[in-house]
Amino acid sequence: MTIKEICDILRAELYDNGFEYGFIVDGQKYKPNMKDGFDNEYYLLAKTISIVQEPSVTCKEKIGTCVDTVLVMKSILDKLNIQSKIWLLYNKKKNKVHTILTFETEHKIVYLELTPQSSKSWYGQEILYSSEQELMQEYEDNGYDISDVTNLITVGQRPYFLLDKLK
């Protein structure tokens, strides 16, 4: 499959389907209210009660965090027999975390940002790297620690690999 074909499949599921940022616990949806700036109440709930969702729940309920989104992407890629990795980006200075997914095809490392309602200028657009080292170097040069967390994510558990970084 080509980069475009793979990205089109991922976009069809996550970009074109009206997903919202947030999480669901015990049938209750939690979404940040950013109208008045940063939503401290949501942030506290995300740090204390959120769990990593089953990809099927994320797809059915159309709500998820960056972790949930990359798990949906990974499950789709696994079905297509395409290897992927999930990376944790941590900006110590800003105390911010984010997870992204990359996959390799056509001798390129592909990053496609599909976290719901992302304000990133590259949202929905694939970014190509010649190697994982190039990806890692770009983020390190911009003040991020970057690490492979693919095997640290457990559905139904708290995302401690991420929460432990936040103060």
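The legends below describe several close-up views of one predicted model. Residues are numbered from 1 along each chain as its sequence is written, and side-chain values use heavy atoms, with hydrogens and water left out. Because the model is predicted, local features need pLDDT of at least 70 and side-chain atom pairs count only at pLDDT 80 or more, whereas totals for chains, interfaces and linings use all residues.

**View 1. A network of salt bridges joins Lys-4, Asp-8, Arg-11 and Glu-126.** A salt bridge is counted where a side-chain nitrogen of Lys or Arg lies within 4 Å of a carboxyl oxygen of Asp or Glu, and a search of the whole structure finds 9 of them. Asp-8 pairs with Lys-4, the closest N and O atoms being 2.7 Å apart, and also with Arg-11, where the corresponding distance is 2.8 Å. Lys-4 and Asp-8 stand 4 residues apart in helix α1, which means that about one helical turn separates them; helices (H or I, at least four residues) and strands (E, at least two) are DSSP runs, numbered from the N terminus. Arg-11 also meets Glu-126 in a salt bridge of 2.7 Å, N to O. This last pair links distant parts of the chain, since Glu-126 belongs to strand β8 (residues 126–129) and Arg-11 to helix α1, 115 residues apart. Arg-11 is buried, with a relative accessible area of 13%, while Asp-8 is partly exposed at 31% and Lys-4 is exposed at 53%; here buried means under 20% relative accessible area, exposed over 50%, and partly exposed in between, with a 1.4 Å probe and protein chains only.

View 2. Leaving out residues up to four places away in sequence, Thr-102 touches several residues, including Gln-83, Ile-109, Tyr-111 and Leu-135, where contact means heavy atoms within 4.5 Å.

**View 3. The largest nonpolar core holds 29 residues.** A nonpolar core is a set of buried Ala, Val, Leu, Ile, Met, Phe, Trp, Tyr and Cys residues joined through side-chain atoms within 4.5 Å. Leu-10, Phe-103 and Ile-153 touch the most other members of this core. Among the elements that give two or more residues to it are α1 (3–14), β5 (84–91) and β7 (108–112), and the largest share, 8 residues, comes from α4. Apart from this core lies another, of 9 residues, among them Leu-89, Ile-109, Leu-135 and Ile-146.

**View 4. Cys-59 and Cys-66 are too far apart for a bond.** A disulfide is a covalent bond between the sulfur atoms of two cysteines. It is counted where two cysteine sulfur atoms lie within 2.5 Å, and by this rule the count is 0. Cys-66 is buried, with a relative accessible area of 6%.
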